[in-house]
Amino acid sequence: MLTTESSSNYNDLEKMSVQDILSSINQEDKTVPNAVEKSLPQIEALVSQIVPRMQKGGRIFYIGAGTSGRLGVVDASECPPTFGVPFDLVVGIIAGGDTAIRKAVENAEDDWNQAWLDLEPYQPNKNDTLIGIAASGRTPYVIGGLNEAQKAGLLTGCVVCNNGSPVAKAAEFPVEVVVGPEFLTGSTRMKSGTAQKLVLNMISTAVMIRLGKVKGNKMIDMQLTNEKLVNRAQQMIIDELNVGPEEAEKLLNQYGSVRGAIESVQK
């Protein structure tokens, strides 16, 4: 039996008080970071392979179904505002298309061929990376996509929550985070989803740092899409250049980004 499908450590959930339910979920959730920690060497190996490819113009594609697919879409969609990169540099693709982000699409994950068909409009090439996300590690949509990607010369990785899964075997650089039974048996949107989110955060953030999208600990290329972010950008300039608020606002207006403002003074 797959670890993700094994029986919960708890029983008679319907008889629990709300306090007991929440406390028990919290106890299970506390185990997730420890499981991720054990996978750090695998994550490092994958990131180390991604960076030089992206320095040559490569992209990252995430593919997955259900919760796993949605998590890929979330991570990809947050890269442009956070790091100021083009919207098509990190791309999340979910089985069933964008409709499946909000509503399950029946049998979409069972199609072995569809993932590569979904990728073809992007004209994937050998500098690109395909990361399959599947808690169970057995999703046909993901396995098929990884197999075709390897044939086409793409770098392949995955994030799964079982050891020795078909998805991991289809990827050159698998990341296997075994979190154990879910509080609600088989509900991989819980601990498995949390683990996948943590790993995707690590992958995208580490890659972007290595690509020079961060200075010190600041998101100097972030998009200034609302007042909160404009204020944050001005504070970054104040901290980095030791100038007053008025000067920071002037520099930001003049150069349009934290990076531009800082480099105009420091060059």
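## The second largest pocket

V73, A76, S77, F87, D88, V90, V91, G92, D98, I101 and Y122 form the lining of the second largest pocket. A pocket here is an open set of points on a 1 Å grid over the protein atoms alone, where a 1.4 Å probe fits, with protein on both sides within 12 Å along at least five of seven lines; lining residues have an atom within 4 Å of a point. This one holds about 180 Å³ of space, a volume being the space filled by probe spheres set on the points, which are joined across faces, edges and corners.

This is a predicted model, so to speak of local features pLDDT must be at least 70, side-chain atom pairs count only at pLDDT 80 or more, and totals for chains, interfaces and linings use all residues. Residues are numbered from 1 along each chain as its sequence is written, and side-chain values use heavy atoms, with hydrogens and water left out.

Both α4 and β2 (90-94) supply at least two residues of this lining; helices (H or I, at least four residues) and strands (E, at least two) are DSSP runs, numbered from the N terminus. By class, the lining has 7 nonpolar, 2 polar and 2 charged residues. Ala, Val, Leu, Ile, Met, Phe, Trp, Tyr, Cys and Pro count as nonpolar, Asp, Glu, Lys and Arg as charged, and the others, Gly among them, as polar.

## The largest pocket

About 290 Å³ of space lies in the largest pocket. Its lining is made of 20 residues, and A65, E109, A135, S136 and T188 lie nearest the centre. In class terms, 10 of the lining residues are polar, 5 nonpolar and 5 charged.

Helix α4 (66-83) and strand β3 (129-134) each provide at least two lining residues. With 3 residues, α4 gives the most.

## The sheet and a helix across it

Turning to the strands, 5 of them form an open sheet in the order β2-β1-β3-β4-β5, with parallel pairing. Strands β2 and β5 (173-176) are the edges, each pairing on one side only. From one strand to the next, the twist averages 15 degrees. Two strands pair if DSSP finds at least two bridges between them; β1 (residues 60-64) and β3 run parallel and are joined by 5 bridges. Within that pair, F61 stands opposite L130 of β3.

Helix α3 (residues 40-55) lies across β1, β3, β4 (155-160) and β5, at about 140 degrees to β5. Contact means heavy atoms within 4.5 Å. Axes are lines fitted to C-alpha atoms, for helices over the stretch in contact, and angles run from 0 to 180 degrees between N-to-C directions.

An unreviewed UniProt entry lists E78 and E109 for "active site". These residues span 32 residues in sequence and the farthest two C-alpha atoms are 24.0 Å apart, so they do not all gather at one spot. Of the two, E109 is included in the lining of the largest pocket, while E78 has its place in helix α4.

The unreviewed entry also places the feature "domain: SIS" at residues 50-213. UniProt positions follow the numbering used here, feature names are shortened, and annotations may be inferred rather than shown by experiment. In the model, the end C-alpha atoms of residues 50-213 lie 15 Å apart, and the span is 43% helix and 16% strand.
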